[in-house]
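Here are my notes on this model, as numbered points. Please read them with the structure open.

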Amino acid sequence: MRLVVVALVLVALAVSAEKKKKDDPSNGFREDINWVSGLEQAIGIAKDLNKPIFLLIHKTWCGACKNLKREFNSSPKILDLLNLTPEFVMVNTEDDDEPQDAKFAPDGGYIPRIIFLDTDGNPLKTNNEKRYKNNKYFYPLVPQVIEGMQRALEEFKGLNGEDKEEKKEEKVEKKKEKKKEKKEEKKDKEDKKEEKKDKEDKKEEKKKDEKKEKKEEKKNDEKKDKKDKKDDKKKEEKKEKKEDKKKDEKKKEDKKDKKDKKEKKDKKDKNESSVCDILLPLTLNLAHNLIRVFEEGGEKGIVESTMRPAALDSDVPFTESSDFFFMVGVVTPLVVCCFAIFFCAVNSLWKTRKNLERLSQMEARPLPDYMEFTIDITTKLDSCLEMSSAQCNEEVLQMLEMLMVDKNENIIRFDVGGTPFAILKKTFPAGTLFYSWFVSCTQKIPFCQLDKGAYFVDRDPFSFGVILNYFRLRHSSQLWEACLPKDPDRLAMLTQEAEFFRLEQLREQAICLLQSCSEKSDTAYVNEGLLALLRRFKQTPTKEVRLLLLGLDNAGKTTILKKLADEDVSHIAPTHGFNIKQVSMGNINLNVWDIGGQRNIRVYWRNYFDQSSALIFVIDSVDRKRLEEAKNELIDLMDEEKLRGCPILVLANKQDLFVAMKAHEMAEALQLTEIRDRAWQINPVSAVTGEGLKASKLGEAIDWLMGTLKLNPGPSTSKK
């Protein structure tokens, strides 16, 4: 029974203590201050007493809030604060009692914060910005609170005095405005009446003028129509006369052409037949004379007739001189006769053969396939050229090819070493040679243009295709690094082509990839010429270490990388691809690869895992909502085979902010203590102030990595 009674007593005491806490508006901030419970009650009291409001927002679990309570209870200047409290309506809200309106958190929801309000509950301009620029309403010490209360009183009194004078002036101005409004109303009424009369008069005048104008326009139109008709008739008559003249002239010319053709043909036929006509009668006469001579000689004897000329009939004996006359008078005519007959026969045969060949060609010629085509071709002026005809298929196709080659000015065609390429003009970015050649036309195009409109470029076709893909991906705001080849020989050629076309960004990224290729131990992968090219760009160090810098977007990866490289961090843009910085430590080069953290880019992280010595994971210490998302990404990275065993360095960034989580809290949230298969460490840093990054020149975090990787660098020489 005694135990039951004791338990009941303890329960009663606990309940009474909780009631006292609920009824106590001080919430642990000095009970001798006249605190008011609730902001709404404070606003009503402030309106009644015409006093400003002292609003203190705090939480029971907050360490800074507990420090402020101790300061209120133990500060030597607390008497000055107690003397000022009667001038204010004092309110402090704890935990869930915090007002949810955004005006009570003008620069963030940090705690504790003290805000001075007017009688309507609106914040005054008084704040602690001189000491805390990022947390204007943070007052950690009593002297700062006293100073703020004094300035708030002055501001409130100034507002009250101004309000009274403004109210008086407003009353006077209202009276004046009422008088003016009455006068203006009277004037408006009179003006409206006059305007109505003027409008009616103007309407009547317009109607009269419109009627007159219509009549005159009709007369003028009729006159013009008559003149136009007469002019049109005259023009048509003139055209008809001209056309008739042209037709007559064409007919005359056709007749002349036909006559000329006939005459030419007749002349040819005459020339060809004249030879036969001349030779045939001569041969016939000669044959007739020879026959007659032989007939006469037959009557007197064959031997005698042959011993003398056939044409002679005398008793003169035959001599040797008569042989010559026999050859000339008898044999030669026979030979000539035979030759003429042979020539005429060959000529006739040749003519008949030629005619037969013409007939065979006419029969063997295939008839053309005729089709009707209706083709719409858009020209430069966006007009439509309609062509409807019955022509041969081949002719129509030729016309189409001639008309359609490079008529679209927005497309540029290239012939690079026999390989065709095409791209839109708008794809070329401003500031490049291609833009100045083909878009702005500020420079002369150094390439010759072929018959079909394409520009012949005597360069490497593969590298030229990579350059065009680089333009396309940049134009569409995509990851343009995906177009870079993996083959080191291709990369080496790409560096030369990018240098020729003055594309510095593409050339630098190709050189960086070449350097990563040179890190492989297989010497067959990189030939001697490629190594010589790399040495020309930069002498390779004795040791290379590749570090991956990953994390969610807006975590501060690029800022950390630039801070390590001693670069300006005032202007940082989001990383849509990747950045590479090289930090030299004696005989060791740290190649840090900063890859974008947007969700659409995280898919490409695994393309950069090869040959990575360690992983640096950056987390925003202020962004508590995305801490779970960062944890899941880190777990996925540890599950990757290519990163198995790699040490992990977690950088808790943005530690310069008051609300930032501490390193041990983040380690528990990320479950880093459960990692057993690799070395890990978490370091609190601030990329803006350099906290945690300046010790030992490259930072304590990098020193830990060097020790974990068992590297002994010499003196630090440079950063790139």
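1. Start with glutamate 628, which is partly exposed at a relative accessible area of 45%. Its salt-bridge partner is lysine 631, with the closest N and O atoms 4.0 Å apart. Lysine 631 is buried, with a relative accessible area of 12%.

2. A network of salt bridges deserves a look. Shared partners join Asp553, Arg599, Arg602, Arg626, Glu629 and Glu633 into one network. The structure holds 21 salt bridges.

3. Glutamate 633 and arginine 602 meet through their side chains in a salt bridge, at 3.2 Å from N to O. Glutamate 633 belongs to helix H16 (residues 627-638) and arginine 602 to helix H15 (residues 599-602), so the bridge ties together parts 31 residues apart in sequence.

4. Another bridge links loops. The side chains of arginine 606 and glutamate 640 meet at 3.7 Å, N to O. Arginine 606 is in the loop between H15 and strand E14 (614-620), and glutamate 640 is in the loop between H16 and strand E15 (648-653), so this pair ties together parts 34 residues apart in sequence. Arginine 606 is exposed, with a relative accessible area of 51%. Glutamate 640 counts as partly exposed at 23%.

5. On confidence: this is a predicted model. Mean pLDDT for the chain is 77, and 74% of residues reach 70 or more.

6. Two stretches call for a caveat. Over residues 363-392, pLDDT stays under 50, and the model has 39 contacts beyond four places in sequence for them. Over residues 521-526, pLDDT also stays under 50, with seven such contacts in the model.

7. Next, the chain as a whole. Its secondary structure comes to 18 helices and 17 strands. Of its 720 residues, 33% are buried. Consider contacts between residues at least 6 apart in sequence: 67% of them join residues at least 24 apart. The chain exposes about 49100 Å², with carbon and sulfur atoms supplying 53% of that area.

8. Val5, Val6, Val9, Leu10 and Leu13 make a nonpolar surface patch of about 450 Å². Valine 9 lies in helix H1 (residues 2-23). Its relative accessibility is 45%, so valine 9 counts as partly exposed. In helix H18 (residues 700-708), the buried residues include Ala701, Ile702, Trp704, Leu705 and Met706. Just after H18, lysine 710 takes a positive phi of about 60 degrees.

9. Last, the cysteines. How many disulfides does a search of the whole structure find? It finds zero. Cysteine 65 is in no disulfide, and the nearest cysteine sulfur, that of cysteine 62, is 3.2 Å away. Cysteine 65 counts as buried at 1% relative accessibility. Cysteine 441, in contrast, is exposed, with a relative accessible area of 56%.

Definitions and conventions: Residues numbered from 1 in each chain as written. Predicted model: local features only at pLDDT ≥ 70, side-chain atom pairs only at ≥ 80, totals over all residues. Heavy atoms only, no water. Disulfide = S-S within 2.5 Å. Buried < 20%, exposed > 50% of the residue type's maximum accessible area, 1.4 Å probe, protein only. Helix = DSSP H or I, 4+ residues; strand = E, 2+ residues; numbered from the N terminus. Contact = heavy atoms within 4.5 Å. Areas by Shrake-Rupley, 256 points an atom, 1.4 Å probe, with all protein chains shown as cover. pLDDT = per-residue confidence, 0-100. Patch = residues over 30% accessible without salt bridge, like charges linked within 9 Å, V, L, I, M, F, W, Y side chains within 5 Å.
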